[in-house]
Each structure stands twice: as C-alpha cells, then as structure tokens.
Amino acid sequence: MAHDARSVANELIRWAREEEHAVTPMQILKLTYLCHAWMLGLYGRPLFRQRVEAWMYGPVVGDVYRSLKQYGGSPIRTTIKFVQTESFDEYEKDLIEQVWRRYGNLSGPQLSAMTHAPGTPWSIVRHRPGRTSVNSPIIPNNLIQRHYESKVATSDDND
C-alpha cells in the first residue's frame with residue numbers, strides 16, 4: 001500500500017531528531033524522493049501515492065514542500081502535524097533507515113546535485129524537448145523505477 005509522502009518525510013525527521021541531526025526542508029524533500037526512488041528500484045512498488053514533480057530545483061512532492069516551506073532554509077523543528085500516522089512494513093522501514101544512513105549526512109545542495117545530474121529522471125523530464133518553463137511536469141514512476149533498477153544492477157552510487 002502506498003503511503004502519504006508526508007508520513008515518509010516524518011519518518012526521516014524522526015531519524016534526524018533521534019540522532020540530534022538538524023535537517024532542512026531541502027534535505028527532507030530530497031531524502032523523501034530518494035526513499036520513493038529506491039523503493040521503486042529495489043521492490044518495484046511506490047512508497048507513496050503522490051506524484052513527484054520536476055520543479056526547477058529538483059524532484060519535489062508538493063504536499064511535502066507545502067508542509068515544510070514555513071522553515072525556509074532553517075532546520076525543521078517538528079514533524080508534520082496534520083498527517084495521520086501510518087504503519088510501514090518491514091521492507092519500508094528498513095529502506096527508509098538505509099536511505100537515512102546513506103544520505104542523511106549530505107547537505108541540501110549535495111543532495112540536489114545528485115538528483116539533478118545528467119541522466120537522472122529529473123534531468124530527463126526537465127530537459128525534454130517542447131517542455132515549457134512555466135510548468136512542472138510529473139516525473140513518472142516508471143522512469144524513476146527504471147533509473148533506480150539500473151543503479152541496483154550496476155551498483156552505481158551516483159543518484
């Protein structure tokens with residue numbers, strides 16, 4: 001069952017708070033995306049039900065952005081309050097923890113550079129011929145899945 005992306009963001013915020021690690025909205029936006037991307041790549045299923053959009057500054061889930069924008073570039077002080085708590089299965093919990101352990105120490109700009117690299121789903125959608133600059137197109141799950149499946153197959157550390 002796909003979750004609300006804000007529940008995934010809350011799990012990441014909880015990890016950060018537990019480890020007394022300050023995180024910004026930019027970091028949580030990118031980490032939430034990476035959780036979803038790796039779930040698609042490893043298990044062939046989405047982690048959350050919202051669509052990922054190719055915003056100018058990277059892959060974004062609008063609901064997560066709107067829930068955290070009040071912090072600007074400052075550290076997030078609390079979990080997203082209006083989200084109903086959801087239970088994650090053992091694979092989902094493990095995956096969220098692995099993403100946190102692997103990428104949680106990276107800054108927002110470092111995570112952004114990874115998700116903006118040439119050949120990433122964001123880059124492919126943002127640079128598609130005929131795309132207008134006024135819209136933020138959807139990054140299809142099948143494109144994200146193919147990209148992360150290929151990373152699993154090649155053990156590629158670039159995201």
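Select Tyr-65 to begin. Tyr-65 is partly exposed because its relative accessible area is 33% (buried is under 20%, exposed over 50%, partly exposed in between; 1.4 Å probe, protein chains only). You are looking at a predicted model: local features need pLDDT of at least 70, side-chain atom pairs count only at pLDDT 80 or more, and totals for chains, interfaces and linings use all residues. Residues are numbered from 1 along each chain as its sequence is written, and side-chain values use heavy atoms, leaving out hydrogens and water.

**Stop 1: aromatic pairs**

How many aromatic pairs does the structure hold? There are four (ring centres of Phe, Tyr or Trp, its six-membered ring, within 6.5 Å; planes under 30 degrees apart are stacked, over 60 edge-to-face, the rest tilted). Select Tyr-33 and Tyr-148. Their ring centres are 6.5 Å apart and their planes meet at 80 degrees, so this pair is edge-to-face. Now show the whole chain. Tyr-33 sits in helix H2 (residues 25-43) and Tyr-148 in helix H7 (residues 141-154), so the pair links distant parts of the chain, 115 residues apart. Helices (H or I, at least four residues) and strands (E, at least two) are DSSP runs numbered from the N terminus. Are Tyr-33 and Tyr-148 buried or exposed? Both are buried.

Next, select Trp-55 and return to Tyr-65. These two rings also pair edge-to-face, at 4.9 Å centre to centre and with 70 degrees between the planes. Trp-55 belongs to strand S1 (residues 52-55) and Tyr-65 to helix H3 (residues 62-68), so the pair ties together parts ten residues apart in sequence.

**Stop 2**

Then pick Lys-151. Lys-151 lies over the face of Tyr-148, at 5.8 Å from the ring centre (NZ of Lys or CZ of Arg within 6 Å of the centre and within 35 degrees of the ring normal).

**Stop 3: the largest pocket**

Select Pro-25, Met-26, Leu-29, Lys-30, Trp-55, Met-56, Tyr-57, Val-60, Tyr-65, Leu-68, Lys-69 and Gly-72. They line the largest pocket (on a 1 Å grid over the protein atoms alone, an open set of points where a 1.4 Å probe fits, with protein on both sides within 12 Å along at least five of seven lines; lining residues have an atom within 4 Å of a point). Which elements give two or more residues to this lining? They are H2 and H3. H2 gives the most, with four residues.

**Stop 4: the second largest pocket**

Move to Trp-38, Leu-42, Tyr-43, Asp-94, Leu-95, Gln-98, Val-99, Arg-102 and Tyr-103. These residues line the second largest pocket. H2 and helix H4 (90-103) are the elements that give two or more residues here. H4 gives the most, with six residues.

**Stop 5: Leu-42**

Keep Leu-42 selected. Leu-42 lies in helix H2 and counts as partly exposed, at 42% relative accessibility. Leu-42 touches Leu-95 and Val-152, not counting residues up to four places away in sequence (contact means heavy atoms within 4.5 Å). The C-alpha atoms of Leu-42 and Glu-18 are separated by 26 Å, and the two residues are 24 apart along the chain.

**Stop 6: Glu-20**

Finish at Glu-20. Where is Glu-20 placed? Look in the loop between helix H1 (5-18) and H2. Glu-20 has a positive phi of about 55 degrees, although it is not a glycine. Glu-20 is exposed, because its relative accessible area is 76%.
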